[in-house]
Amino acid sequence: MPTPQTRYTRAGDAEIAYQTVGSGPVDLVWAYGMMTHLEVKWEEPSLARMLGQLSGFTRLILFDRRGCGLSDRGDRHLAPTLEERVHDVLAVLDAVGSERASLFGVSEGCALAAMFASMHPERTDRVVLYGGMSRLLRDPEHPWGVMDAQQYDAAFGPVFRHWGTLDGAAAHVRLIAPSAVDDSDYLAWFARQQRLSLSRDAVVRFMRVATEYDLDDILPNVQAPTLVLHRSDDAIVPASSARRLASRITHASLVEVPGADHLPYVGDADAIVEAMRAFLGAPSPPPAADVRLVTLVATDAQDPDTASLVARHARRFDGVEVSDPTGGRVTRFDSATRAVRFALGAVRAARDGGVELRAAVHAGECHIDGSSIDGPAAAVVTAALRDAPPGRVVATATVRDIVPGSGIVFADGAARPRQEVRVSRCSPSQAAARTTRRRPGPTHRTTSSGGTATSGRSASRGGRPGCGTARACVTSRCCWPIPAVSGTSSTSGQEQRVTSGKVPAAVRRRATKSSMGRHARTTADAWRHWTLTSAPGRRRSATGW
C-alpha cells in the first residue's frame, strides 16, 4: 500500500500532521503511544499490513501528536498536557470533516482516547483501548500502577541512554515486542523510528509527564461503548491492568487474546483486527477465492529456533503458513515482492544466527482450502528447494517476471539437468502419494515445441492409469558461481543480488486446463532458478533480459 499523503491542520499554536486512508463507514482515529512518525510507520511491513487491514473497513485517521514526528516539535510542545492533545484530535477531526469518530488508543495512547471520550462524548462513537493501564508508576498513593520507580529506571534507563541506536531499539523492543527482538531488520527500522520521532531529551521529558497520568478517576466518565483489548501475557503491562480498566468503565467489555507482545501489530495482529471489526460493527470481508494466483516460499527450516525465525518474518511480510498436498509446510503470499523480501530477510537473519537456511520462491495458481493448498505451484516450489544451495534463495522466472520495479535485481546462474515434476489432479491425500520427481537422464530431451520426449525405462514409469496427472517438464538453473550483477532494494537499502541463467529461445510458457481451473503449465522457462542473496557491492545495472 502506498504511503498516504500527509496534510497539516492548526491546533492552537501547533501544526498537526495527519493522514487519512480508506473509505469505510466508520471513522477511526488511531491514538498511538509514546512515539510516532506518520511516514516511517509505513516502512515496516507488519505495521503497514495492520494499517491496511483497519483501513479496509474504516476511514482510518492517523496523526502525529504535537512534539513528535512531523508535527511541530518546538520546545514548548515536547511535553503536552492531555487537554492539549485532545484539542489536537478535535482539530484533525474538523480538518477531515468527521462529526463523530471511534478512537483506538494504544498503550500510552489509551489515556488520550479515554480523555477525549470523557470530554467530548458528542464526538465519540466507540472506544477501543489496547494495552492500556490506569497508571504506569506505582507508589503508596497509586498502588494500581504497573511498576515502581526502581523497576521503571531498570526497564527504560537503557532505552533512554541508547535512544536512536540499535542498542536502544533492542532494549525498547525487548520490553514491548519480545517476539521481534532477534529480527535485525525490525530493529533497524525501530531505531530509525526512534530517531525521527523524538530526540533523546524529548523522549525523557515526555515520559516524565506520561508516568504521572492517572486515569482511575477519568474512566468512569467514559460513556461510549468501550472494548478493552489486551494480550494475556503482555511483557510490560499485565492483564490485571486491563481488567481494572474494564471494571472502571460502565459500558466496557474485555477481550484477552494470546500473546506477549505489547505492540498490536507484532504477533497475531489478525486477532486484534477481527475483534475490532466485530466491535465497530463493520462487515466481515468476503471469503477468499478458492483458486487464485499466489506466491509460495519453501524453506528447509528444521530446528524450532529457525522455524520460529521464519514464522516471525512471515508475519511481518503478511505471509500465511499452509500445508501442501504432501503434508509439507510452505508460506503463502499474495505479493511476489513481499515473498522475495521475506525470503531474503529470513535467510539473512538465519545466517546471522549461524544457520545456512535455504529458500525457494515460485508464483502460480493454487486451490486454497483454509490452511492447506493444492496445485502445481506447491510441487514446483518444493522441488525447487532441493536445488537451492545452503544460505541462498532460488526463485523461478515466473517470480522474476512479475517483480520489475521492486528494486530486486536478478543475475544469471548455471544450468542444471532437466527435471520432470508430476502434479496430481486428484485429492490432496492421493496427491501426497503420487507427486514424484523424475530423475534426469540421457533419454530426456526438450522438443522444439517445449514438450518432452522420453524413451526406455523412463517412459514406462509414468503415472498410474487413471491418475490424471499434469506434468511440468523443466530445465532448471541454479546458483553456481558466475559473474553477477547487483542492485539496491528500494526498502532496506541493502544489496539484494540474484543469479540466473539464459534459457533456450525455444522454451516458452504454455497454458493448459486442469480439473481445478486454468493454471500455468510450467515449462523450462518457469523452472529456471534465480538465486537471491544479500551482498555488499557497487550497484550495476541489470541488462540483457
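Me: Which residues does aspartate 185 touch, leaving out those up to four places away in sequence?
Reply: Keep in mind that this is a predicted model. With those sequence neighbours left out, aspartate 185 touches His313, Arg316, Gly345 and Arg348.

Me: And where does aspartate 185 sit?
Reply: In helix H7, which covers residues 184-197.

Me: Is aspartate 185 buried or exposed?
Reply: Aspartate 185 counts as buried because its relative accessible area is 18%, and the cut-off for buried is under 20%.

Me: OK, helices now. How do H5 and H6 pack?
Reply: H5 (residues 149-161) packs with H6 (residues 166-176) at an angle of about 150 degrees, and their axes are 7 Å apart. The crossing of H5 past H6 is left-handed.

Me: Which residues meet there?
Reply: From H5 you have Ala155, Phe156, Pro158 and Val159, and they meet Gly168, Ala171, His172 and Leu175 of H6. Sorted by class, that contact has six nonpolar and two polar residues, with no charged ones.

Me: Switching to aromatics. How many aromatic pairs are there?
Reply: The count is 10 aromatic pairs. One involves tyrosine 152 and phenylalanine 156: the ring centres are 5.0 Å apart and the planes are at 35 degrees, so this pair is tilted.

Me: Where are tyrosine 152 and phenylalanine 156?
Reply: Both are in helix H5, four residues apart, or about one turn of the helix. Tyrosine 152 and phenylalanine 156 are both buried.

Me: Which residues form an aromatic cluster?
Reply: Tyr186, Trp189, Phe190 and Tyr265 form one.

Me: What about charges over rings?
Reply: Lysine 41 lies over the face of tyrosine 32, 3.7 Å from the ring centre. There's also arginine 126, whose charged end sits over the ring of phenylalanine 279 at 5.1 Å from its centre.

Me: Last topic, glycine 69. Where is glycine 69?
Reply: In the loop between strand S4 (58-63) and helix H3 (82-96). Glycine 69 is buried, with a relative accessible area of 8%.

Me: What is glycine 69 in contact with, beyond its neighbours within four places in sequence?
Reply: Thr36, His37, Asp64, Leu196 and Ser197.

Me: And how are glycine 69 and glutamate 39 separated?
Reply: They're 30 residues apart along the chain, and their C-alpha atoms are separated by 8.8 Å.

Note on methods
Residues are numbered from 1 along each chain as its sequence is written. This is a predicted model: local features need pLDDT of at least 70, side-chain atom pairs count only at pLDDT 80 or more; totals for chains, interfaces and linings use all residues. Side-chain values use heavy atoms; hydrogens and water are left out. Helices (H or I, at least four residues) and strands (E, at least two) are DSSP runs, numbered from the N terminus. Buried means under 20% relative accessible area, exposed over 50%, partly exposed in between (1.4 Å probe, protein chains only). Contact means heavy atoms within 4.5 Å. Axes are lines fitted to C-alpha atoms, for helices over the stretch in contact, and angles run from 0 to 180 degrees between N-to-C directions. A crossing is left-handed if the near helix is turned anticlockwise from the far one by less than a right angle, and right-handed if clockwise. Ala, Val, Leu, Ile, Met, Phe, Trp, Tyr, Cys and Pro count as nonpolar, Asp, Glu, Lys and Arg as charged, and the others, Gly among them, as polar. Rings of Phe, Tyr and Trp (its six-membered ring) pair if their centres lie within 6.5 Å; planes under 30 degrees apart count as stacked, over 60 as edge-to-face and the rest as tilted. A charge sits over a ring if NZ of Lys or CZ of Arg is within 6 Å of the ring centre and within 35 degrees of the ring normal.
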